[in-house]
Every structure is written in C-alpha cells, then in structure tokens.
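Welcome, and thanks for taking a look at this one. Here is a short briefing to read alongside the structure.

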Amino acid sequence: MKRSARDNAESVRTITRRAALLGGAQLVFAGALVLRMRTMQLAEADEYRLLAEENRINIRLLPPSRGLIQDRHGAILADNVQNYRVVLVREDAGEPRAALERLAQVIPLSDAQIERAERDIMRHRPFVPVTIADRLNWEEVARIAANAPAMPGITPEVGLSRHYPFGPEFAHVVGYVGPVSEADLAERENPEPLLMIPRFQIGKIGIEREMEEMLRGSAGHRRVEVNAVGREMRELDRQEGDPGHNVQLTLDRDLQAFTMARLNEESASAVIMEVATGDILAIASSPSFDPNLFVRGITVADFGGLRENPFRPLSNKSVQGAYPPGSTFKMVTALAAFEADLITPDERVHCGGHIEVSGRRFHCWRRGGHGRMNLVAALSESCDVYFYELAQRVGIERINAMATKLGLGQRYQLPLSAMSEGLNPSRQWKRDRRGEEWLVGDTINAAIGQGFVLSTPLQLAVMTARLATNREVLPRLVHGIDGDDTAPPEYAPLGLPPDVLSLVHRGMWECANHTRGTAYSSRIVDESMQMCGKTGTSQVFSITAAERAEGIRSQEQLPWNRRNHALFVAFAPETEPRYAVSVVVEHGGGGSTSAAPIGRDLALAVQAGGLPPIEAYPQPQRNRIETMLREISIRIGPLGAPGSARSRA
Amino acid sequence: MSYLEYNVKHTPTGLAKVLHINWALVVLLVAVASVGFLMLYSVAGGNPALWVEPQMKRFAVGLAVMLIVGLVPLWFWRSMSGLAYAVSVILLLAVEFFGAIGMGAQRWLELGPIRLQPSELAKISVIMAMAAYYDWLDVRKTSHPLWVLVAVAIVALPAFLTLRQPDLGTALLILGGGGLMMFFAGVSLWYFGGVLAGGGGLIALVFASRGTEWQLLKDYQFRRIDSFLDPALDPLGAGYHINQAMIALGSGGWSGRGFMQGTQSRLNFLPEKHTDFIFTTLAEEFGFVGGASLLVLYLAVIATCVIAAIKARNRFASLIILGVAGNFFLYFAVNMAMVMGLAPVVGVPLPLVSYGGSAMMVIMLGFGLVQSACVHRPRERP
C-alpha cells in the first residue's frame, strides 16, 4: 500500500496517542483490580478467613461415656459394656450387595437386615461408614477380622452400650435408656447437639430419665477438616468429653433381689426404708421386665406382651400405684383423734359388728363384732367400728391434716418416673373435684382408709417410718454422686404426743405379736427382731348380692381382679426401730394372709442383712418357710454381707 | 517505505534475526507461565503428572511456535491475514454444523486426532484481519461510516458465530479485540461513545428478553448474571462458584497461607480450580503480594508490547502488536475481575496460567506475531 509520508506520520501519531490512552485506561483498570484485592485481602481478610474455616472445619461430637448407677455398696446396676458392630464403607467395599452377601457367609445376617443395610448404604455418601449389624459376639468379631482381607471396606468397630446386669430386679427404679425420639427432642427447649448424634441414647424412665443430665456428661469434640463433599481429610484436634457422673443409690442390691424374689411374680409391690435416714433400701414392683430388651430395641411382640399382661409389669406400682390404704390408715385416724383429746386411751367403744350413721349401716370386718374396744385392742384386732366412732368425733379435716403430717397425699422429691400423689380427701377437695358436699359417711369410710383415700406403697412406708421415729422422715434414693456420699438430712421432729404414739406402737406390736392380732400368724419369735405392724385389706368391689346368692362368701371364690387388695406396714425392731416396710399385694385377698407374711420376711431379711434366719419364725411354720427360703435362695443365689461376691459380679 | 528509508534502514535477515527477538518479552512470558506451573502443581496436590507436565509441554510447543512465527517476515503474515480470517470463519461454520458438544456448548471440532477450538483461532485471526484492513485503508477514511461498518462486519461475523455455540466469554473477547483494533486505528471516539450508549440499551434489551420466546441468552447465562449481581442469592447453586472463589481470595490476606496450604482449593471448595479460577488459588496461597505480583508481570508484558508498538513505526506492525497485547489484557482483566466478583462468570481463562491448550496456543501465536513485528522492524544501519 502506497502511503504518503505525511499520512504515515499521522498514522503513527494516532496509534501512539491511542496506545498511550488505552495503556492509561489499562493501568486504571489494573489499579481498580489491585484496590479490590486490597479490600478483600487486607480489609476483609478476617471475614473471608472465617468463612474459609467454616467451610473446611467440621465439629464432630464425641459422646461422653454415661455415668454408672450403683447400689449403696457399689454394685453396678447400670453399666456400659463394649458393643461390637460391623460397619461398611461403600467406596472401599465396592458393590454393596455383593459385599453384604460375602459378609453374610461370615456372620448370620437375615435377608431383611441385608436389604435395610443396602438402603442405608445407598442413602449415604460413599465414604460414610454405615453400621450393618451390632451386638456381635466375640466369635463373630474374630471371624470378621480373620476374613478381613477378603472383605475390603468391612470392619468391626467397638462402641459403648448400656447394660443392666440385674435385668428385671431394678427395671422400675433404674429404668432404661433408648434412642432419642422426636418426642424427647420436642420436650426440650434447646436440645443439646449431642442428642442429634445418630443412635445416641438417653434415659427413658426411672433414674436414667430423671437424672439424665447428671448421668449424661458433656460431649467432647473433634475438629476435622473436610473437603467440599464432606469427606473427612484429617483431625485437627480432639477434646475428650467429661464422662457422666456415677450415681450411687440408697438401694441394697441383695435386699432388692430378695424382695423381688419374695414377691414371686405376684402383682405386688414392697418398699423397705431405713427410718432414721429415709434411705430406700429396696423398692420393688412385681412382675417386672428386662430393661435390656428396651436398650436393644424391643420387638413389637415382646412389648405387646408386656402391655397386655393384666399384672402390668411396665408400671412401677411402688410409686405409681395408688391404693385405698385400708386399715393401715387407722393409725392416722387414731392419732388425729388422740392429738385433739377427743378420746382417752382407756375409753372403750362397743363393737356390735356395725353402726348406723344417718340411716346407713357401716359394717365391721368381723360381722359378729369385737365387743368393747380400746385403742390398743382396736389397732391390734383392726376393729372398724372403733374407728367409725373416732371418725365421727374427729371429722375429716383433722384426719386430712394428720395424714399430710405423716407424709401421705404428697409427691416426694425423688428421681422416679410417674410418681403418684395419692389422695388425702377433704371437704374442699370434694367440692372442687366432685362438686358435692362432704358427707359423714365419707369421713367414716376415710377413717378406715376406704372411700376416697389413696396411698402408694412408698407413702405407706414413709408413714410407717414417721410413726416409728416421730420425725419428718423423707425418702431418699440417691446416696452419693461420684463416691461423695451426701449426708442424710437431720429430720425435724413431727411433734406427735409421745404417750399417744407409744399407745399406737403398742397396738401395732400387739397386731403382729398378740394372739388376737390380725398379723399374729406372721409373728417373729426372736424378740430382738420383733416388729410393730398393721394389716390392711382394702375393698376394690363389694361382693354383690347376686354373687352372694351364687354362694360366693370368701375372697378366694371371686375372680382375681375383683378380690380385695392386701396391705401390710411394719417397722422393726420394736424397741429401737431401724427399718420400715410396706407391702401391697394387688387383689391379694386379705392383709393378714397375703401381705403380712411378705412383710415379715422382708423385715427379717433387712434386719439380718441376708436371708431371714429360720430361728426367728414360730416353730410350726419353720418347715414351710425353710422350703420357701431355699427356693428363693436358689433363684437369686447366695446372699451375704454387703458387697458380697454376687454384688460385685 | 520510501526509497530513502530503504537505503538508510535495513531489516535483519538470517540468523541475525535471533538477536533481534524481543527477549524481554520472552522472559516475561516464561515468568508468567512459571507462575502457572507453580499453581497447577499446588492445585494438583503436588502431583506434577496431573496438570503441570502437560502444561509445560504445551508451553514449550507454544514457545517454539512463537519463535518460528516471529522469525517469519511480517509481510508474510500480513498477506496471510485474509486467508486466516476466512479459514476461521469456515471452521466456525463447521462447528455450527459438525461440532462436538461438551458442557452444553458446541465448541470443539474433531479433525482426526486434533481437537480444534475454532473460536480461539478466530480471536487471533480477527486481530490480523483488522490490522491488515486498517493498514490497507486510506488513513483519512478510517472514520468514514461505510468503512467503519466494514470493520464492524469483520468483527461481528465470527463473534456472532461464537455466540451461537454458545460461548459468551469468547464472543465478548472477539468483540473486545475487534473494538480495540478500531480504537488503535483511530476511528473517531464518537463511534465508541455511541456504542457504549447502544451497549447500555442492548443490555436493557437482553434483560427485557428474559423469559420471552426470543430470549437472547441461555438460561444459564442469565443465572450467571444473577449470581454475579448477588452471589449470596444462591450460595449452593449458581452463586457457589463465585462465593467460594471470593472466600479463597479474601482469606489469603497479605501474604497468603503458604504454598500448597490453600484450604479452599486443596479441599475442592473451588470450582474449576485449575482453569478459570486458578487466580483464586494464587491469591489464597500467596495473598495480596502474590496476586499483585502476577498483575505486575502482566502489566509488564503489556508495557513491553506498547513500547514495541510505538517503536515499530509501521501501521500494520503497531496495530498487530497492540491488538495482541490488548487481547492479552482483556483475558487477564476479565478473568481477575470475574474471580473478584467484579464481572460475571464468563469462562475466560487466566492467560498462560490456566490449564488448557487452545487458549495458550493462540496467545503464543499472537506473541509470535508481536515478535515478528519486533524482529522485522526496519533499523538504522549500524
């Protein structure tokens, strides 16, 4: 191209100018980039650094090991045992189906398990370990380990799982743990992140539930570096959590075992307390269940069986069961009347078998009547008419006040589930709850622990302990935390007049030791171990006219669930009371026949610190008792001093 | 060239050409490429076989191409300009009809064992064609509307074909390169003012077309624009790339986290960490110092070229040098602005640093033309 020199020079000038112009613009743009980089990398660097850290660092929780639950001598009631499981990592194992089938040749796996495992595996990313089976035994673990080279991506792992070595014996008190449920999370306002860990277990009932915070401990954590898809690259640091606290209960392992065995799968419940401290030594509800089933995940069939059992094994009858206390309530009525000076110890009331009040006839349990009764005799022989008379003099409000004073009708501060409050009726209560006025007949029924009055076996034991000590004893279940024993509180005096109280003791002593006492057949001949007791028989249903017409006269002829509840309360030894016992046998017929014998065995066992000594029983009963004790002994093994070999097993 | 000039000046011939190669530019390009090798080594987690070795081989080939092209007289390349342009357009048309589809776009042409990306070739051929065109055109007609229209047509045809693939990033680079050429050639600034105003209107039109039958951009391109405007809008979707890129860049701080210590790239939070987003790894591991240093290197390349262009005193030579340099600038400026969240994510690699063959070849070819212009500059007789 021909071009004039002038044009050429002009062209060069233009290009130079434009190049300089654009070069300047480029510098400006580069400057803008530098400024932007400066802002991001210097001014906002911390913010971006934080975002980068959040990107890469994941916090993984380390579940703490759960605190142990022990009896008063240190026997472990709830333990953590190693649980072997087998996990599969898909990216190492290859095709899951084939890998699972190879595994199934080594350990038993059902088709359902394989299918579920396969679903689980496919739901997770290929590097996430998925549990295929757990609770493997040693042999299975060894077989997996031996076959490891042939099964890449499949490894045995060990974790901790809750175990209750004594199974049913402590099921109701200690309770059990289970996986965190939606409901568990819903009832907490700010659920701890720990609870979100898959398979994490928390207490569901009993001590396990009520002392959950104490037992759980706090989570540790590890900070791990993860990549964009969440694969763990390395561990940055690790802080172990604090294990949960060990909770030592006031319970005595051996005594609890004996009590459970003595209740002999009947629908019954019993409580043994130390009267000075309020320590609950045994608290039994029968029949029971194996809490270990729940930890593993109970089958529908097993659970259905427990729920449909008419003896209600899942219910903790000792605190959940509220029963009319029957004649065991008579001490309350007596103390209320005597404290108010409405009757003297020597004043006798004639029992003709019944009395009539406002046109209604109230019967004594003995149709023929007891004749002339004073307080001691009325307690001993459990004369109803005597107490009917007291009831009319004292009125329901004084009875109510005395019942409250003796610890009835209230919920104690104990780490137990679903405790019942029982019921101490009053005028106000009836008006509020039933919209009816209180009647004299209601007082008369209440005086002998019938009608509206309801008490739990634990409340009856507390009442007995208070009668024995004249102090405001409260039940205690926690003996210490992490080996630090908490001293039992000094209980305030109850302020019952000592002379009246000693009359009541006398009546209770006669009840259990006098020939005419209702519990005479359950007497103890060893004088150092004798007890003061009171039987009770509380009506559930009256025998109907129709049944009477069919010739049904006695309890034994009625169907089980219509029979009377049998109750017995006692403290022992008589001279210097140390222990209180209460027994309720649901639909047991009569207190003196079904409850008192159990009460005596328990009173002897707790005093002897082992099996009841046969010499304490009246001669004629010894053969029968010996057979029974031998059977129990075979069932629960040797009992011995605190911390016996069995306790430590 | 006048007779007088012909007698006073000469152009190096034979082996003497080697002495006149712009070695400063060669050194700068090797330096930039070395930064690339370092970063590719890092993002591969220390595995050189993954990206570094192929990249080194390509760069060696590119260097050879540059030197060979540089030793061929510039007049040859000028006469080849028309042909190169025609071949590019034909190849782009071929992609339109026979192209392989990858990542939702037709970009590749399979010619036996060679995979060709004609749009990359188009970038350089448009620059050549424009330089030749303005060299041919009477300087006084440069701003004449008719001749401006011809220039626009030369640029728009390959740009349009590239946009059809669709490859917005490359199409914009072709348009930008062509526009720069017109600017250097001296087209009246009024045209540029008009285009800027028109561009604003076009952007409005593009947005107005969204969701209608005549939608001008693909949905994913719209989403990229959305995520550019507000990366936080969709942190796991369209905004993910830019968010993670900015986190990597910002977390570098003053001096960075150290070589191979960048968590964002090492743990795969960064997308396309070895290609379009490689600058973020550099900024993360070497911080502000590293990022700014690379920028300085790039600016030094540009400055070297601009000086050469001014010294060339030959319209075609100056234009081709400035065109190649301008194109190079567009590459790294758009890429850096993109990873810093200043421009939408438009798939433009970081020149000579990002892993990838086609772009590197075209860039080295362009610098070959620059070398040719430098080598064959008429000089005073010694």
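This is a predicted model: local features need pLDDT of at least 70, side-chain atom pairs count only at pLDDT 80 or more; totals for chains, interfaces and linings use all residues.

- The secondary structure of chain B consists of 15 helices and five strands.
- Chain B has 382 residues, and 53% of them count as buried.
- Taking the contacts in chain B with a separation of 6 or more, 73% are between residues 24 or more positions apart.

**Extent of the interface**

- On the chain B side, 59 residues are in contact with 38 residues of chain A.
- About 4100 Å² is buried between the two chains, and carbon and sulfur atoms give 68% of that area.
- Three residues stand out here: B:Leu267, B:Phe288 and B:Met340 together supply 14% of the area that chain B buries against chain A, more than any other three residues.

**Polar and charged links across the interface**

- The rule finds one salt bridge between chain B and chain A.
- That salt bridge joins the side chains of B:Arg257 and A:Glu53, with an N to O distance of 3.0 Å.

**What chain B brings to the interface**

- Several helices of chain B give two or more residues to the side that touches chain A, including H6 (118-136), H8 (168-185), H9 (189-209), H11 (240-251) and H14 (315-339).
- Helix H13 of chain B gives the most, with eleven residues.
- By class, this side of chain B has 36 nonpolar, 15 polar and eight charged residues.

**A closer look at A:Gln70**

- A:Gln70 is found in strand S2 (residues 69-70) of chain A.
- Is A:Gln70 buried or exposed? A:Gln70 counts as buried because its relative accessibility is 18%, and the cut-off for buried is under 20%.
- Leaving out residues up to four places away in sequence, A:Gln70 touches A:Ala75, A:Ile76 and A:Leu77, as well as A:Asn246, A:Val247, A:Gln248 and A:Leu249.

Technical notes: Residues are numbered from 1 along each chain as its sequence is written. Chains are lettered from A and ligands numbered from 1 in the order in which they are written. Side-chain values use heavy atoms; hydrogens and water are left out. Contact means heavy atoms within 4.5 Å. Buried area is the accessible area (1.4 Å probe) that two parts lose on being put together, summed over both. A salt bridge is a side-chain nitrogen of Lys or Arg within 4 Å of a carboxyl oxygen of Asp or Glu. Helices (H or I, at least four residues) and strands (E, at least two) are DSSP runs, numbered from the N terminus. Ala, Val, Leu, Ile, Met, Phe, Trp, Tyr, Cys and Pro count as nonpolar, Asp, Glu, Lys and Arg as charged, and the others, Gly among them, as polar. Buried means under 20% relative accessible area, exposed over 50%, partly exposed in between (1.4 Å probe, protein chains only).
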